[in-house]
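Okay, thanks for coming, everyone. I've got a few local details to walk through, so let me put the structure up.

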Amino acid sequence: MPRILIIEDDTDINNSTAQYLRRQGCQCLQAFSGTEGRLLWQAGGVDLLLVDLMLPGLSGSALIAEIRKTSRTPVIVLSAKSELADKVELLGLGADDYLTKPCQLEELWARILVQLRHVSALPAETALRYRDWVLNLEEMTLTAAGQPVNLTAHEFRIVELLAGRPKRVFTKQQIYEAVWQEACAVEDKTITVHMSNIRAKLRPSGTDGYIQTVWGIGFKLAE
């Protein structure tokens, strides 16, 4: 099930697009400003983004530029701008496709399928490295300072999330929703327990200190 992030400040367009894509079997996240879109993107797990250009807060073009610093996730721009110069600029910035609003949802779906096929045809990254950690993404294994660390699937996903964005502070809610793919209960202690278990398993390798608690916010990796 493709997970698509729709970043569009027009409520009617955002909702109608999400409803259509859900009927096609997609899971949709909806943001109504560039800033909100960035937060949902940073939580991880997005397969494709639909981005309007004229957004409150962070502009669509600025968001695309930021995404392209670390990711090749497909981005399709939806905008009322129709000049060739605008399209050339956005494609040069890193957008993968461009549709002028208003657009037919059937055409949008066809363009989405093309981008998802392109991604599936690319060789997947099989390793993620952070300091003395090496994560094998295919086998879901972690080696720390040369020692294998026996993690559960959820523990591995937590470490993968942190290692993928080592400078970012993640709240407990963001970690839970990214790893478990469901809403987090306000008083849920799951993340605290999992972090304690991960640190205990990392302690023999001397790398348990890589995971830092940011009091009152969540967790991040030590720089």
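So, which residues in α6 meet α8, and which do they meet there? Keep in mind that this is a predicted model. From α6 we have His154, Glu155, Ile158, Val159 and Leu162. Over in α8, their partners are Ile191, His194, Met195, Asn197, Ile198 and Lys201. If you sort the residues of that contact by type, you get 6 nonpolar, 3 polar and 2 charged.

Now the geometry of that pair. α6 covers residues 153-164, α8 covers 190-202, and they pack at an angle of about 85°. Their axes are 10 Å apart. Anything from 65 to 115 degrees counts as roughly perpendicular, so that's what we call α6 relative to α8.

Okay, on to the backbone. As a reminder, most residues other than glycine have a negative phi, and most peptide bonds are trans. Here are the exceptions I wanted to show you.

Take lysine 101 and proline 102: the peptide bond joining them is cis, with omega at about -5°. You'll find proline 102 in the loop between β5 (97-100) and α5 (105-121).

Then there's methionine 140, a non-glycine residue with a positive phi, near 55°. It sits in the loop that runs between β7 (133-136) and β8 (141-144). Methionine 140 is partly exposed, at 29% relative accessible area.

And what about alanine 145, what's its phi? Positive as well, about 50°, and again this isn't a glycine. Look for alanine 145 in the loop between β8 and β9 (147-149). Its relative accessible area is 41%, which puts alanine 145 in the partly exposed class.

Note on methods
Residues are numbered from 1 along each chain as its sequence is written. This is a predicted model: local features need pLDDT of at least 70, side-chain atom pairs count only at pLDDT 80 or more; totals for chains, interfaces and linings use all residues. Side-chain values use heavy atoms; hydrogens and water are left out. Axes are lines fitted to C-alpha atoms, for helices over the stretch in contact, and angles run from 0 to 180 degrees between N-to-C directions. Helices (H or I, at least four residues) and strands (E, at least two) are DSSP runs, numbered from the N terminus. Angles under 35 degrees count as roughly parallel, over 145 as roughly antiparallel, 65 to 115 as roughly perpendicular and the rest as oblique. Contact means heavy atoms within 4.5 Å. Ala, Val, Leu, Ile, Met, Phe, Trp, Tyr, Cys and Pro count as nonpolar, Asp, Glu, Lys and Arg as charged, and the others, Gly among them, as polar. Buried means under 20% relative accessible area, exposed over 50%, partly exposed in between (1.4 Å probe, protein chains only).
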